[in-house]
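Below is a short note on the ligand sites of this entry. The points follow the two ligands in turn.

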Amino acid sequence: MLVFPNAKLNLGLHITARRPDGFHTLETAMVPLPWTDALEVLPAPEAAETSLTLTGRPVPGEPATNLCVRAYELLRADFPQVPAVRLHLHKVVPIGAGLGGGSADAAFALRALNTVLALNLSDDALEAYARRLGSDCAFFIRNQPALALGRGDELSALPLPQLAGAACKVIYPNLHISTAEAYAGVTPRPPQHALGTALAAPINTWRDTVVNDFEASLAPKFPVLAQLKEQLYAAGAAYASLSGSGSAVFGLWPGQSAPPKLALKADYEVWDGVL
Ligand SMILES: C[C@@](CO)(OP(=O)(O)O)[C@H](O)COP(=O)(O)OP(=O)(O)OC[C@H]1O[C@@H](n2ccc(N)nc2=O)[C@H](O)[C@@H]1O
Ligand SMILES: Nc1ncnc2c1ncn2[C@@H]1O[C@H](COP(=O)(O)OP(=O)(O)O)[C@@H](O)[C@H]1O
């Protein structure tokens, strides 16, 4: 079975408290971004062990620590009779970019394994497994615009009709930002605007109301993030922001079929498309 794990964008991200377990409570909206990896899940040949092969962008870590293999091991712990599988991941989405690519691989692996191994797990059950692999993973099970609370895994559908068909540009400035380090640099605070209300208003009002709390804390160390945001606004974006804990920055042009071309450094990666 071949699946295409897609990235996500965060629209606003409020870090509201630090929890006793070291995680933070947040309020964010997540939307699917059609920038994808490719993941193949096949039954392994007889007597072969479970394996993962990789092509494309290098993924740090041993195959056993890869989230696709961890997804399989998590299911096998509860269903010891399942056969071995052969996994192949072609990695495209930048890593450490705030685009959730690793989380998407984990969730899509769970979904594909559910089918290939005929486990018949419900979406709720798959979300429960996904949560155990990472805070962001549960979002990718239903993979639809959602408001995320708690650790980022308490999800409710958040239709954003004004976003459908908007042109979008995502810029990855070739900078790996660790999610854990980014959280460590933020001082939690109550949000100034309720996110659900702010996002219900037209996109061109979001600039004044929809805030990603990581931006202020990352700004001194990574001035390029604010520069890219300015460049997107100068090119007419109705809204521009850092996604998640960065380093990807995106702009939105509702009502346009494609985003404008921008002059950017040669080693930056760019995704242009429509949401
Ligand atoms: C910031 C966000 C916003 O969507 O996305 P990314 O920028 O990573 O894409 C997420 O909260 C990232 O979720 P995810 O990448 O799944 O994080 P996890 O693997 O669960 O945790 C990695 C580390 O981030 C910190 N962490 C994560 C989630 C959370 N609610 N509070 C935290 O403090 C913890 O230090 C944890 O050890
Ligand atoms: N399949 C995978 N793809 C990407 N990263 C993975 C994968 N499996 C494990 N990881 C680990 O997860 C970390 C976070 O990856 P990712 O979710 O892409 O970034 P972000 O949290 O910025 O959205 C990486 O540093 C990597 O070590």
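1. A polar contact here is a pair of N or O atoms within 3.5 Å; within protein, one must be able to donate a hydrogen and the other to accept it, and residues adjacent in sequence count only if both atoms are side-chain atoms. The model is predicted: local features need pLDDT of at least 70, side-chain atom pairs count only at pLDDT 80 or more, and totals for chains, interfaces and linings use all residues. Residues are numbered from 1 along each chain as its sequence is written, and side-chain values use heavy atoms, with hydrogens and water left out.

2. Oxygen atoms of ligand 1 lie 2.8 Å from a side-chain N or O atom of Thr 179 and 2.9 Å from a polar side-chain atom of Lys 8.

3. The shell of ligand 1 (residues with a heavy atom within 4 Å) has 21 residues, with His 24 and Ser 135 among the nearest. Domain 1 (2–157) and domain 2 (162–274) each give at least three, the bounds coming from an automatic or database domain assignment.

4. Ligand 2 is surrounded by 18 residues, the closest including Leu 67 and Asp 105. Its oxygen atoms are 2.6 Å from a polar backbone atom of Gly 100 and 3.0 Å from one of Gly 102.

5. Thr 179 also has a polar side-chain atom 3.2 Å from an oxygen atom of ligand 2.

Note on methods
Chains lettered and ligands numbered in written order.
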